[in-house]
Amino acid sequence: KNLSSMNVQINYSEISNFLEKILGFCPTFSCVDNKAFEVKYKPNMFMPTIAIKFRIDALRKDCICLSYECGSAASLIIADVVDYLKEKIPSGVEVKTADKRVNIYPPHFYHVDNLYDHIALSDITFEEKSVNVEFTMV
């Protein structure tokens, strides 16, 4: 193992709990394969579960390129939510609903911009209960 690398493991339950605290709802996460995960959310007992599969298509030191798959109803909901919240989507997150793509630029996030002077994102993998993020020291 490279001594100049750093690995961070985050359990899906930790992500769900964090989202519940900041957004008020608790989606569930599961691994599809080592480069894809699924998010499910059931708004209430009268609505069906909304499921979205995300896949990492490309990973560069400054950008995570994701695509997503979902049903047509979920796709319409996502487009409406993104349009409604467009002013609240953080700098560094680009959502292209027509292409079902999300580009994340971590160096543009306010609290991590200085961190990227010292580390570079090198890999993200998904396991049964967690996501693993690997950084390389620069």
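The model is a predicted one, so to speak of local features a pLDDT of at least 70 is needed, side-chain atom pairs count only at pLDDT 80 or more, and totals for chains, interfaces and linings use all residues. Residues are numbered from 1 along each chain as its sequence is written, and side-chain values use heavy atoms, with hydrogens and water left out.

Start with the three-stranded sheet. It is open, its strands come in the order β1-β9-β8, and the pairing is antiparallel. (Strands are DSSP runs of E of at least two residues and helices are runs of H or I of at least four, numbered from the N terminus; two strands pair if DSSP finds at least two bridges between them.) Strands β1 (5-11) and β8 (119-126) sit at the edges with a single partner strand each, so one side of each has no neighbour in the sheet. From one strand to the next, the twist averages 20°; axes here are lines fitted to C-alpha atoms, for helices over the stretch in contact, and angles run from 0 to 180 degrees between N-to-C directions. Seven bridges hold β1 and β9 (residues 130-137) in their antiparallel pairing, and Ile 10 has Val 131 in β9 as its bridge partner. Helix α1 (residues 12-23) lies across β1, β8 and β9 and runs at about 65° to β1, where contact means heavy atoms within 4.5 Å.

The other sheet is an open one of six strands, ordered β2-β3-β4-β5-β7-β6 with antiparallel pairing. Its edge strands, β2 and β6 (93-96), each pair on one side only, and the twist averages 25° from one strand to the next. At one end, β2 (residues 28-33) and β3 (residues 36-41) run antiparallel and are joined by five bridges. These two strands make a hairpin with two residues between them, and Asp 33 is bridged to Ala 36 in β3. Ala 36 also stands opposite Arg 55 in β4, as β3 and β4 (residues 50-60) pair antiparallel over six bridges. Further along, β5 (residues 63-69) and β7 (residues 101-104) share four bridges, again antiparallel, with Cys 65 opposite Asn 103 in β7. Four bridges also join β6 to β7, including the one between Val 95 and Val 102. That hairpin has four residues between its strands, and Lys 100 in the turn has a positive phi of about 55°.

Then there is the largest pocket, with a volume of about 2200 Å³. (On a 1 Å grid over the protein atoms alone, a pocket is an open set of points where a 1.4 Å probe fits, with protein on both sides within 12 Å along at least five of seven lines; lining residues have an atom within 4 Å of a point. The volume is the space filled by probe spheres set on the points.) Its lining has 48 residues, and Leu 19, Leu 23, Phe 29, Phe 54 and Ile 104 are the closest to its centre. Helix α1 gives the largest share of this lining, six residues. By type, the lining residues divide into 46 nonpolar, no polar and two charged.

Finally, the structure holds six aromatic pairs, meaning Phe, Tyr or Trp rings (six-membered for Trp) with centres within 6.5 Å. One of them is Phe 37 with Phe 126, whose ring centres are 4.9 Å apart and whose planes are at 45°, so the pair is tilted (stacked is under 30 degrees, edge-to-face over 60, and tilted the rest). Phe 37 lies in β3 and Phe 126 in β8, so the pair ties together parts that are 89 residues apart in sequence.

Key
Nonpolar A, V, L, I, M, F, W, Y, C, P; charged D, E, K, R; others polar.
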